[in-house]
Amino acid sequence: MPTFNASSKVNSADAEVLVVHCSDHRFQAGIHEFLNQGLKLGENYDLLVIPGGPQYLTLVEYIPKFAWASGRWFRYLVEQHELKRLVLIAHQDCGWYKSLPLHLHSSPEPRDRQEEDLRRAHRWLAQEFPEIHTELYYAGWDANDQVTVEPIASQSARSAARV
Ligand SMILES: [Zn+2]
């Protein structure tokens, strides 16, 4: 194959946003659209795409070795790129969650487990990087198989009522 020449130029604007989402191919186009049209990021974001997405930010206590490596990548991006905003996206039918033991979460329901992890990650980030604003989202699909992305509150209705 000859060299491919993209129509896109190299983006030399600074990115202030880091997006963390899952590798699942079914959501890539929809998430890309959400980031550029929904959040209007205009391609100006760093991207960390790994199985389970933001779930890895909650693994510090369970898999310290893994958390150490992934934490280094994460810190590198946050500190070297002077990021100001984090966008964490979980998604419907995430295969990674099927590989996790159920005892890690307070509910066996996939959606509840994922929201629990988004909130855990948010708490950890608020401690470690208090200067960075974190947003939580959940991607799914509707009756027409179109990707939907909804914001998730950083506190559950239950724990908010308790406070
Ligand atoms: Zn996934």
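Are F34 and Y137 buried or exposed? F34 is buried, and Y137 is buried as well, where buried means under 20% relative accessible area, exposed over 50%, and partly exposed in between (1.4 Å probe, protein chains only). The structure is a predicted model, in which local features need pLDDT of at least 70 and side-chain atom pairs count only at pLDDT 80 or more, while totals for chains, interfaces and linings use all residues. Residues are numbered from 1 along each chain as its sequence is written, and side-chain values use heavy atoms, with hydrogens and water left out.

Five strands form an open sheet in the order 2-1-3-4-5, with mixed pairing. Helices (H or I, at least four residues) and strands (E, at least two) are DSSP runs, numbered from the N terminus, and two strands pair if DSSP finds at least two bridges between them. Strand 2 (46-49) and strand 5 (147-152) are the edge strands, each pairing on one side only. From one strand to the next, the twist averages 25 degrees. Strand 1 and strand 3 run parallel and are joined by four bridges. L18 has L86 in strand 3 as its bridge partner.

Helices lie across this sheet. Helix 1 (residues 28-38) lies across strand 1, strand 3, strand 4 and strand 5, and runs at about 150 degrees to strand 3. Helix 4 lies across strand 3, strand 4 and strand 5, at about 165 degrees to strand 4. For these angles, axes are lines fitted to C-alpha atoms, for helices over the stretch in contact, and angles run from 0 to 180 degrees between N-to-C directions; contact means heavy atoms within 4.5 Å.

The interior comes next. A nonpolar core is a set of buried Ala, Val, Leu, Ile, Met, Phe, Trp, Tyr and Cys residues joined through side-chain atoms within 4.5 Å. The largest nonpolar core has 22 residues, of which L18, Y56, F74, V78 and L88 touch the most other members. At least two residues of this core come from each of strand 1 (17-21), helix 2 (64-80), strand 3 (85-91), helix 4 (110-128) and strand 4 (133-141). Another core, of 13 residues, lies apart from it and includes L35, L39, I89 and A139. When neighbours within four places in sequence are left aside, V78 is in contact with L18, L83, L86, F129 and I132.

Rings of Phe, Tyr and Trp (its six-membered ring) pair if their centres lie within 6.5 Å; planes under 30 degrees apart count as stacked, over 60 as edge-to-face and the rest as tilted. By this rule there are five aromatic pairs. One of them joins F34 and Y137 edge-to-face, at 5.0 Å centre to centre and with 65 degrees between the planes. Because F34 lies in helix 1 and Y137 in strand 4, this pair ties together parts that are 103 residues apart in sequence. The ring centres of F74 and F129 are 5.7 Å apart and their planes are at 65 degrees, so this pair is edge-to-face. F74, W124 and F129 form one aromatic cluster.

Finally, there is a metal site. C22 (SG), H91 (NE2) and C94 (SG) coordinate the zinc ion at 2.0 to 2.3 Å. Donors are N, O and S atoms within 2.8 Å of the metal (3.2 Å for Na, K and Ca); water is not among the atoms, so sites may look incomplete. Both C22 and H91 are buried.
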